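Subject: Structure handover and notes

Hello,

Here is the structure you asked for, with my notes below it. Please read the notes with the structure open.

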Amino acid sequence: MASSTAGSTGWLRGRVKAVTSGDCLVIMALTSSKPGPPPEKTITLSSLMAPKLARRGGIDEPFAWESREYLRKLCIGKEVTFKVDYTVSSIGRDFGSVFLGDKNVAMLVVSQGWAKVREQPNQPKQGQQKIEASPFIAELLQLEEQAKTQGLGRWSKVPGAAEESIRNLPPSAIGDPSKLDAMSLLNANKGKPMEAIVEQVRDGSTVRVYLLPEFQFVQVFVAGIQAPSVGRRAIPTETIPEAETTSDKTNEDVSAEPRAPLTSAQRIAASTVSTTETVADPFAQEAKYFTEIRVLNRDVRIVLEGVDKFSNLIGSVYYPDGDSAKDLALELVEHGYAKYVEWSANMMEEEPKKRLKTAELQAKKSKLKIWTNYVPPATNSKPIHNQNFTGKVVEVVSGDCVIVADDSIPYGSPLAERRVNLSSIRCPKMGNPRKEEKPAAYAREAKEFLRTRLIGRQVNVQMEYSRKVSPADGATVANGPTDSRIMDFGSVFLATPSKAEGDDAATPASSASQQAGVNVAELVVARGFGSVIRHRDFEERSSYYDALLSAEARATAGKKGMHSSKEPPVMHITDLTTASAKKARDFLPFLHRSRRIPAVVEYVLSGHRFKLLVPKETCSIAFSFSGVRCPGRDEPYSNEAIALMRRRIMQRDVEIEVETVDRTGTFLGSLWESRTNMAIALVEAGLAKYTSFAGSDRIPDAHLLEQAEKNAKNKKLKIWENYVEGEEVPNGKPTDTKQKEVLKVVVTEVLEGGKFYVQTVGDQKISSIQQQLASLNLQEAPLIGAFNPKKGDVVLAQYSADNSWNRAMIVNAPRGPVESAKDNFEVFYIDYGNQEFVPYSQLRPLDSSVSATPGLAQLCSLAYLKVPTLTQDHGEEAAEFLTEYTLSKEFSAIIEDRDLTGGKVKGQGTGPVFLVTLVAANEEISINAAMLQEGLAGLEKKKKFDTKDRKAALDNLEKFQEEAHTNRRGKWQYGHCDSEEEEIVPPVKKGTGKR
C-alpha cells in the first residue's frame, strides 16, 4: 500500500515519486512500518488516454511530451490523496482517481486538453468484458468538450501545431545509444551547467537523464562518489520487456503480471540488465530511494566533469532546494549513503573535492549507514579540548615549533612556558650539532622568519591535538627519551599582525580565525618554508587545514622558498661553544674590532650566561656578564633568573661589548637589549650579585651595577630577602654559612626510617592539576586491549580509601597484555606518595598535558637523625610517632641538604631526597628534636670536615638525645646502645709481597 493508514472509504494518502506519462503516476507511502524504502503503487488516471511517448525506433504521438510535462510539473514530489477505482488484470494495471488538495488531477489534465476521455459504449458486446469507468466520467466528458471548444492542448486549432509538438529525437533517445559520442559531448560542455530531467535512477550514484533541449538520453555517474550496488536479477534476454514493467518490485508494490509497453528511455535502461544474478549491497535500496526522492523526474543541472575509459559520462548533479541548489554527491556522502572515490573526484575542482572528503570523514566518525560497522584505523593522535590560552612567544625552536609563556600562570613557574608545535605543517629540520647533523635546506630561513615576527609578540594559542612520536618520525629532543614522547600541536595566531603579515595570509579566514588573528602556520607555508602534512583518515589535524592547503598551493605556484628551482642559500656558522678555548681566544681580536657588535641570543644557559649568534662574524659564542653572577643550579631563585632572561632577551636582537675571554672559552662583557643593560636589570631584580674584581673598571656601567645591587639590598629583593647589613663579606672569601631554603609544606604520607612525603602549600601546580582532573570524563571503564599501561607510565588511578582519581605511576604491571578487568597493577601516587595495588578497571589513560607535570609529592628525611626501620627495635614506635604528629599537618621545612643519589622516581621511596628540619608553627622544638627527646632516633656522628652549620645543628640536637638517655626513653631504656651504631670495620689483612 502507498499509505500508512487507509480509511474504510478506500482513499489513501501518498507522495508522487514519478510521472511516467501524461496519465500515469507512481505514488509512494508517506510512512512505512518496515525498514528500507516505503512501498509504492503505480496509478493510471481512470478513463483517460494521454498521447504516448516514443518507443524504440518510433516517434512521439502529437502533444505526448507536453502532456507528460504538464502532469509532471503539476504533481511531482507533492502529497496527494488517491483511490483505486478498478483494476484490469489482463495488463496488471490499477486505474484510479487522484486528488491534489481538493482538485481532481484527471479533471485538471482534461480541462487543459492534455488527455482525452476514453469512450464508453452503452452496451458491451457479447463475450466482451465490461469496461469500468471513472466515478467522475460525466464531469470529465463535459470538461473535454470545453477544451475542444477552446482548442486547448491536443485539441489545438492552430495549423501545424500537432506536427511541431512531435520531438525530433536523437538516436540515443529512441534506443540506439551506440551513436552517442561521449567525448565530443564532454568537450563541448565541460564545466558548463546543462539543464536536464532525470528519467531513471539506476542506483544511488547513477542516473539516466534527458539533456535539454536536444533530448540526448545519457547515463551519468555522479562524480567523486560511489553508492552501494543494487544488485541484479537473473533475467533472460527475451523477457527484458516484461522485466522492465516490473522494475519496481524492489519496493514490494506490484504484481508479477506484464504492464504497459516501455518507452525508448526505459528500453535503453533495461538493455544493460545482466543474465547473472548479484546480491544488493547493504543500504543499496536506501541510497537509491534517497536519490529518487530528490531528483527522479525533476529538473536538475548536470556539470560534466569527465569520461572514463569505457566512455561513461562522469558529472556533478545539482537539484533545486528552495531558492538554492544542492549537490547530490555531497548529500549522499553526508548521510552515509555513498563513499568518496578518488579517481573520479580527481576530475573535479579542488573545493568540491575537499568538501566530499571532509563529509566522508564526518560520516565515518558518526558511523552513518554504510559506515555503521566501520572500524577506524589505529592512530597515534588524540584531540585536545578546551585548552586555549594567550601569552608571549619566548622562543622559536624551529620553523614549526615555538615556546609560549602562558599569561595565566605566574611568572617564573616551570609550567609557565608551553611548547607548541604548529598543527598540520612540517618545516625542514634544524639538525643536531651534537650528532653532527647539519640544518636542512631552508631550516634556518624558516626559523629566522618566525623569530623576527614572533619573539616577544602577544599570541593566541588554540591547542588541537597531541601525538605520540618516536625518533623515527624525525622529531628529537636533547636529553629526551629514545623510545617515544608526546608532542602537543596547536594553531598560533598573532593578536596584532602587521599589514605585511596580513597580506601573507591571503586566504579568506573563518570568523573564528579572524577573531584570533593571523594564523602563523599559514604565514610559514605561504612563504614556502613549510609543507602541509597529508593526514590519514581519522588523524587529528588543524582546524584551519583547508586554509593551509590553499597557502601551500599559492607558494607552489609562486615558486617560493622550498618550492623554488633555485639553489637554497647556504650559511656556514662556526660554533665556538663546542670548540677549544684556544680557538675562542683566537676569535677575540675580531670581536674587539667594533665597540658594540649586533648579536642574537640563541639560548639562555643560566641567568648570566648565554649562547649568542654573531652574524657579522658568522660564529656562535658562549657569553657571560662581567662581574655579575646568578644563583647556581638548584639554588633558590636560579629558575627565576633564567625565566627573566628568557622573557627579556631570548632570541632577541641585542648588542654586546666583549672585554675578554676566560679559560673555558666563554667571552665576558656587557649586553644591551633596546639600549637596556641586561646585567643591571638582573641585579636590580635581586636575582644576581655584582662582584668587583681587578679590572672591573673596564665594565662600562660598573657604577650603575653597584647602585642597582644597593637598591636590591635595601628593598630585600629575592636573594637579599634575609640580608642584614654588616653580615656579608662583599669582596673576601665566601663564608661557610649560606641562606637555607624554607618551604611551607603539608605531610601527605609517612614511611619507615624517618622518611615521609610532603606537598608544598600554595603551589600553583596543585590547583592547576586539580582543575584539569575535574574536567575529565572518567565514567566509562577502558576497553580491554585498547589501553595497556606499562611500567613507568603515568595514568589516572582511583584511590581505594576515598574513591578519588589521582595521577599515578605504574610500578609493577602484569606480564603481557591485559586479559581481565581484575588484573592488578601496583601504582605510586606521584602527588601524595601513597602506593597500592588497583585493578585494571580503576585505571584510565591520562592526557600528556596532565601527565607531563612532575609529581607534587617530595620525598623527605629528617636531617641529622638515624631513625630505625620497621624491622629494627623501636622502628614501629618511631613510625607511629611520626604519623601521629605530622600526617596531614602543615610545617615549615628547612632544607638542610639534598640527596640526589636516588636517581629518578620509580616508585615509593625512590628519587631525590630533601634532608629537612620540620618545625610546626606553635611548637617550641622541631620534630627532629622531638624524635630524639622520645628516644625514637639517634643523632648522626660528627665528622672531621663538617661545615659550621652542621656542627652547630648537631650540638643543638645533642641535648635532646642526652635527655632521652638520662630518662631511659625509647631505645635508651637499657642504657647505652652505641654498639648498634658502630660501623663494622673489616679486619686488616697482612700485606704480602715485597715492599
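T618 counts as partly exposed because its relative accessibility is 32%, and the partly exposed class lies between under 20% for buried and over 50% for exposed. The loop that holds T618 runs between β28 (609–614) and β29 (619–625). T618 has a positive phi of about 45 degrees, although T618 is not a glycine. Most residues other than glycine have a negative phi.

Please keep in mind that this is a predicted model.

The chain as a whole

The chain has 995 residues, of which 46% count as buried. There are 26 helices and 46 strands in the chain. The accessible surface comes to about 52,200 Å², and carbon and sulfur atoms account for 50% of that surface. Among the contacts with a separation of 6 or more, 66% are between residues 24 or more positions apart.

Other backbone points

S311 also has a positive phi, of about 65 degrees, and is not a glycine. The residue sits in the loop between β13 (299–307) and β14 (313–321). S311 counts as partly exposed because its relative accessibility is 48%.

The peptide bond from L212 to P213 is cis, with omega near 5 degrees. P213 belongs to the loop between β10 (206–211) and β11 (216–222). Most peptide bonds are trans.

Cysteines

How many disulfides does the count come to? The count comes to zero. A disulfide is a covalent bond between the sulfur atoms of two cysteines. C401 counts as buried because its relative accessible area is 3%, and C427 counts as buried because its relative accessible area is 7%.

L671 is placed in strand β32, which covers residues 667–673. Is L671 buried or exposed? L671 counts as buried because its relative accessibility is 0%. Leaving aside neighbours within four places in sequence, L671 is in contact with V601, L612, F623, F625, I649, V654, E655, I656, T676, N677 and M678. L671 and A599 are 72 residues apart in sequence, and their C-alpha atoms are 9.4 Å apart in space.

The count of cavities of 30 Å³ or more comes to two. The second largest cavity has a volume of about 30 Å³. What lines the second largest cavity? The lining is made up of F625, S626, G669, S670, N677, A679, I699 and L705. By class, these lining residues divide into four nonpolar, four polar and no charged. F625 and N677 are in this lining, and F625 and N677 are also among the contacts of L671.

Three further residues

Q908 is in the loop between β44 (890–899) and β45 (913–919). Q908 counts as partly exposed because its relative accessibility is 31%. Not counting residues up to four places away in sequence, Q908 touches E749, L751, Y757, F828, G833, N834 and Q835. The C-alpha atoms of Q908 and V827 are separated by 9.1 Å, and the two residues are 81 residues apart along the chain.

R844 lies in strand β41, residues 843–844. R844 counts as buried because its relative accessible area is 8%. Along the chain, R844 and Q798 are 46 residues apart, and their C-alpha atoms are separated by 8.8 Å.

K157 is in the loop between α3 (137–150) and α4 (161–164). K157 counts as exposed because its relative accessible area is 60%, and the cut-off for exposed is over 50%. Leaving aside neighbours within four places in sequence, K157 is in contact with K148, T149 and G151.

Regards

Definitions and conventions: Residues numbered from 1 in each chain as written. Predicted model: local features only at pLDDT ≥ 70, side-chain atom pairs only at ≥ 80, totals over all residues. Heavy atoms only, no water. 1 Å grid on protein atoms, 1.4 Å probe; cavity = no way out; pocket = protein on both sides within 12 Å on 5 of 7 lines; lining within 4 Å. Points joined across faces, edges and corners; volume = space filled by probe spheres on them. Nonpolar A, V, L, I, M, F, W, Y, C, P; charged D, E, K, R; others polar. Helix = DSSP H or I, 4+ residues; strand = E, 2+ residues; numbered from the N terminus. Buried < 20%, exposed > 50% of the residue type's maximum accessible area, 1.4 Å probe, protein only. Contact = heavy atoms within 4.5 Å. Areas by Shrake-Rupley, 256 points an atom, 1.4 Å probe, with all protein chains shown as cover. Disulfide = S-S within 2.5 Å.
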